[in-house]
Amino acid sequence: MSQSDLAEIIRERLAPFPRDHFLSAGDLNAATVPPLLDLADAFVDFNRQGAKALDLMRGRTVVNLFFENSTRTSASFEIAARRLGADVTALSPRTSSVAKGETLIDTAATLNAMKPDVLVVRHGASGAAALLSQKVGCAVVNAGDGRHEHPTQALLDLLSLRRAFGDVGGLTVAICGDIAHSRVARSNVALLSMMGARVRLIGPPTLVPGDADRWGCEVFHDMRKGLRGCDVVMMLRLQLERMEGALVPSTREFFRFWGLDREKLAWANPGAKVMHPGPMNRGVEIDSDVADDLSVSLIQDQVEMGVAARMAVLATLSVRREEASA
C-alpha cells in the first residue's frame, strides 16, 4: 500500500482521545481501546515506509518532562511527536530550576505560561502526572509515575500482542518478577483484563504486593507452576534502586528461581511469546538465549510498537484539543 493511501487511512481512523489526559489505563475502556489500536496499527505500517513525516500535529508543541532517567520511553515519545509534525522540547529537571529547589507546582506554572499542547511526564512520585494535569491547560500524558502506572507501555504491549495473536481475549498472560515496584505491571493488569485476557502474577512473596489477590489475577510464587498453560510470559526488571532492604537473597538466586530460561519457558504453552518492557537485566530476570530468539521474543517488536502507540495517543489527544477549542 502506498504512503498516501496509508496517510488517508490514518486520517479516517483519527478520533478524539476519550479523556483530556492519559494518566492511567482506566482512562480507556473496552470500547475505546480497539479504535486506538487500529489507528496505531496504521501508524506501524506508515512508519515502515521510506518517508515518515505527517502534518497531523503541525503547529503543536510537545514538551517531554522526565524527572527520571529514560532512554527508550523518552526517545519513543520524541520520535512519535516529530513524525506527527509537532515541535518537541525535552526538559531535564536535573539541569533545570528544579535542581535549584523549584517545586513541581512552580514548574507546572512556568510550563503553562509557555502554552504547550501536550506535556509528557515521567516522575518518581506516584500521582505526579495527575497533579500536573490539574495545574496546566494542556493535555498530560503519564510516561510513568512512581509505582503507580505507565499506561502507554501497556497500550503498546497490547498492540504487540494483538499483532502476534490476532486477539488478546482468551490469552493467558503471566507477568513475572518484581511486581511490587512495577508501574508497568499495574497498567498491564488493567488493560489486559479489560480486553478479556487472563492474567497471572508470578514472583517471590517479597516482590508481590500483599493486595495482589484483589487485582483480579491468580498469584503464584512458583515460576514453573505459574507458567503452566500460559500463552505470554512478560518479564519485569528487578528494580534494585527502589528496594529498601534485602527483598531477594541475590540476583543469582533470583535468576535461579524466577529468571526466565529455556527450561522454565518450556512449561508455558507451545508457541508462547516472551515480552519485556526494558531495560533488561540479562542473566537476572531473563536469559539472553531467550531474549534474543525472535521466534519467541516480542521484545524488539515492543520497541517498534512503542512509537506507533504513542503516535496514536498524541494524535488523538491533539484532535480532542482541536475539537474542544472549536
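Reader: In what order do the five strands of the open sheet stand?

Author: Strands are DSSP runs of E, at least two residues long, and helices are runs of H or I, at least four, both numbered from the N terminus. Two strands pair if DSSP finds at least two bridges between them. Here the order is β7-β6-β5-β8-β9, with parallel pairing. β7 (218-220) and β9 (273-275) are at the edges with a single partner strand each, so one side of each has no neighbour in the sheet. From one strand to the next the twist averages 20 degrees. Angles run from 0 to 180 degrees between N-to-C directions, and axes are lines fitted to C-alpha atoms, for helices over the stretch in contact.

This is a predicted model: local features need pLDDT of at least 70, side-chain atom pairs count only at pLDDT 80 or more, and totals for chains, interfaces and linings use all residues. Residues are numbered from 1 along each chain as its sequence is written, and side-chain values use heavy atoms, leaving out hydrogens and water.

Reader: Over how many bridges do β6 and β7 pair?

Author: Three, in the parallel sense, with β6 covering residues 198-202. Ile202 has Phe220 in β7 as its bridge partner.

Reader: Which strands does helix α6 touch?

Author: Contact means heavy atoms within 4.5 Å. Helix α6 (residues 151-165) packs on the sheet and touches β8 (232-235) and β9, its direction making about 165 degrees with that of β9.

Reader: At roughly what angle do the axes of α2 and α6 cross?

Author: Roughly 75 degrees, with the axes coming within 10 Å; α2 spans residues 33-47.
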